[in-house]
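Work through the following exercises with the model open beside you.

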Amino acid sequence: MLVTSGLFKTFANRPLLSRRSILKMRKLNPFANIPTLMTAEEIIEFSHNRSTRISMKSSLRMKKIERTRIREITRLQEFTKQIKIKIGDVVEQFPSLDRLHPFYIELAEILVGNDSLKQALGAVYNCIPPIGDITDKHLQAIKLAGDFKQMKKSRSAAKGRISSILRATAENIDFVIEAKKTLSKLPGIAPNSPTIVCAGFPNVGKSTLVREVSTAEPEVAYYPFTTRRVIIGHLRVDEHSVQIVDTPGILDRPMAKRNKIEREAIAALKYLAHVIIFMVDPSEACGWTFEQQINLLNEVQKMFPMNPLLIVLNKVDITPPEKLEIARKKLPNSQEIIAVEGVGVEKLMRDAVEQVDLVPLQESVADYLASLTDR
Ligand SMILES: Nc1nc2c(ncn2[C@@H]2O[C@H](COP(=O)(O)OP(=O)(O)OP(=O)(O)O)[C@@H](O)[C@H]2O)c(=O)[nH]1
Ligand SMILES: [Mg+2]
């Protein structure tokens, strides 16, 4: 528990953000707003049900065959209309990848593959013209049909052929649905809030720190690779609303050898970090040596030379004095914390926010607010 008063004590008793506003933050993920999408079979069944339930108005004085003709035409039109709406939903409700925040573009690439996603969306969309053609052709046949049987036959032939087109692209629809499921779990990012990204080897205590200072509740465990995706927490540092990003641990190895989870962490550093907190565990209780952690630190500094970076020695409560001495000598500009007890974390957050150039962020918020009143 926290020993400090003021800023962080408030978090323990009263969360910074209500559940509602946290849900709202999630909505900042463009994939979280996509409505539920139907599979090919669901679309067919839904459209069929709609088409059989449609009521049509026709005069009772009309001949029975003409009333049947109108009914068959209306049913087929309704079937096609619903199919097109639902196919349109799959494609149009998906945010246009090119216009997204680069973090989401990169994550979509890592998690689902942007080319595969675009190809699946394109294939689904390409079903619409042939469906229109089949409908027109069969509507024409119904209009010209001389008896009931022919009318019904044309209507059901059209529905059968349209259903086949849809079934042929079922895999593409499934791909889009899966992609939506995966991407909607990504955190929402407030693009103009100062953002601290916490990185380091697995098991060094990143999630412990993020839990301690923010609204996020990432899992903490004594074993490595606990955090498997990027998690965002929110906190207030004086008058600033700040985001802190917990990342999966990264190992000291070449980029080409990194797995999807590590690449997610790198994407957070690359696209979200205004300031990086690089956490080192000098006790080596994490399972990796101090030297290995230094190598990773050097690599991260090389990858992001423009980013302010704070080095933090965590777990100083269990670090033997001789190891702590070596760490202090090697990293003279580091801060020491005990994340698990909240010791040193308030100063760390203040120092991190101080590193962020807030002026451009504030200006972009001001521009945004001004653009709202201009309308
Ligand atoms: N003694 C001590 N233990 C700590 C401290 N901070 C974290 N730990 C412990 O270290 C272990 C790993 O903590 P996590 O926060 O899960 O580490 P992580 O860096 O998020 O790990 P990954 O998600 O696997 O990358 C847990 O058992 C924590 O309780 C600390 O300051 N002192
Ligand atoms: Mg973690």
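A residue is called buried when its relative accessible area is under 20%, exposed when it is over 50%, and partly exposed in between, with a 1.4 Å probe and protein chains only. The model is predicted, so that local features need pLDDT of at least 70 and side-chain atom pairs count only at pLDDT 80 or more, whereas totals for chains, interfaces and linings use all residues. Residues are numbered from 1 along each chain as its sequence is written, chains are lettered from A and ligands numbered from 1 in the order in which they are written, and side-chain values use heavy atoms, with hydrogens and water left out.

**Exercise 1.** Describe the protein chain as a whole.

*Solution.* Start with burial: of the 375 residues in the protein chain, 49% are buried. Next, take the secondary structure, which comes to 15 helices and 6 strands, where helices (H or I, at least four residues) and strands (E, at least two) are DSSP runs numbered from the N terminus.

**Exercise 2.** Determine which residues coordinate the magnesium ion, and where they lie in the chain.

*Solution.* First, list the donors, which are N, O and S atoms within 2.8 Å of the metal (3.2 Å for Na, K and Ca); water is not among the atoms, so sites may look incomplete. The magnesium ion (ligand 2) is coordinated by Ser 207 through OG and by Thr 227 through OG1, at 2.0 Å. Third, check their burial: Ser 207 is buried at a relative accessible area of 8%, and Thr 227 is buried at 11%. Helix α10 itself is mostly covered, with 7 of its 8 residues buried.

**Exercise 3.** Characterise the surroundings of ligand 1.

*Solution.* Begin with the shell, counting a residue as near if one of its heavy atoms lies within 4 Å: 23 residues surround ligand 1, and the closest are Lys 206, Ser 207, Thr 208, Phe 225 and Thr 227. Then examine the polar backbone atoms, where oxygen atoms of ligand 1 lie 2.9 Å from one of Gly 205, 2.7 Å from a backbone N or O atom of Phe 225 and 3.0 Å from one of Ala 339.

Methods. A polar contact is a pair of N or O atoms within 3.5 Å; within protein, one must be able to donate a hydrogen and the other to accept it, and residues adjacent in sequence count only if both atoms are side-chain atoms.
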